[in-house]
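Have the structure open as you read.

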Amino acid sequence: MFVHREAVRFRDLDPMGHVNNAVFLTYIESARAAFLQHLGAVQTLEDLAIIVARVEIDFRAPVRFGEQVEITAKVSRFGEKSFDLEHELRVGETVVAEAKTVLVTYDYEQHAPVEIPAAWREKLAA
């Protein structure tokens, strides 16, 4: 299972002293990019031909300054033009959030969804 780590920064905090809910999206985004690079599906920003169609997050526990968040990423579903990534966010042994993103492969020149490239499908399914 792929794991990406993010250190909680001061700027991530809200006035209550814990990570703001919106920042979890940034952690998931960083994990997604690292996951796709790790698999060799993307090398550059131009290779990142996807759009986020949907995000679901279930928050389980607060995260505080100085902690390290581990974010897993795994493909849980393939469609013709989209796939799902599931994420678990942990601090130590504590699950702090669970998330799912629906990603659509996209041609930015044609402004339209496209089929998942065979090379991507192969790498993502591994």
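## Ground rules

Two strands count as paired if DSSP finds at least two bridges between them. Helices (H or I, at least four residues) and strands (E, at least two) are DSSP runs, numbered from the N terminus.

The model is predicted, so to speak of a local feature takes pLDDT of at least 70, side-chain atom pairs count only at pLDDT 80 or more, and totals for chains, interfaces and linings use all residues. Residues are numbered from 1 along each chain as its sequence is written, and side-chain values use heavy atoms, with hydrogens and water left out.

## Around β5

Let's start with β5, which covers residues 94–107. Strand β4 (residues 82–91) pairs with β5 in the antiparallel sense over ten bridges, and Glu-88 has Glu-98 of β5 as its bridge partner. These two strands form a hairpin with two residues between them, and Gly-92 in the turn shows a positive phi of about 65°.

β5 also pairs with strand β2 (residues 50–59), again antiparallel, over nine bridges. There, Ile-50 sits opposite Thr-105.

## On to β6

Strand β6 (residues 112–113) runs antiparallel to β5 and is joined to it by two bridges. Asp-107 faces Ala-112 across this pair. β5 and β6 make a hairpin too, with four residues between them, and His-111 in the turn has a positive phi of about 55°.

## A loop residue

Phe-10 lies in the loop between β1 (2–7) and α1 (21–39). Is Phe-10 buried or exposed? Its relative accessible area is 65%, so Phe-10 is exposed; the cut-offs are under 20% for buried and over 50% for exposed, with partly exposed in between (1.4 Å probe, protein chains only). The C-alpha atoms of Phe-10 and Ile-28 are 18 Å apart, with 18 residues separating the two along the chain.
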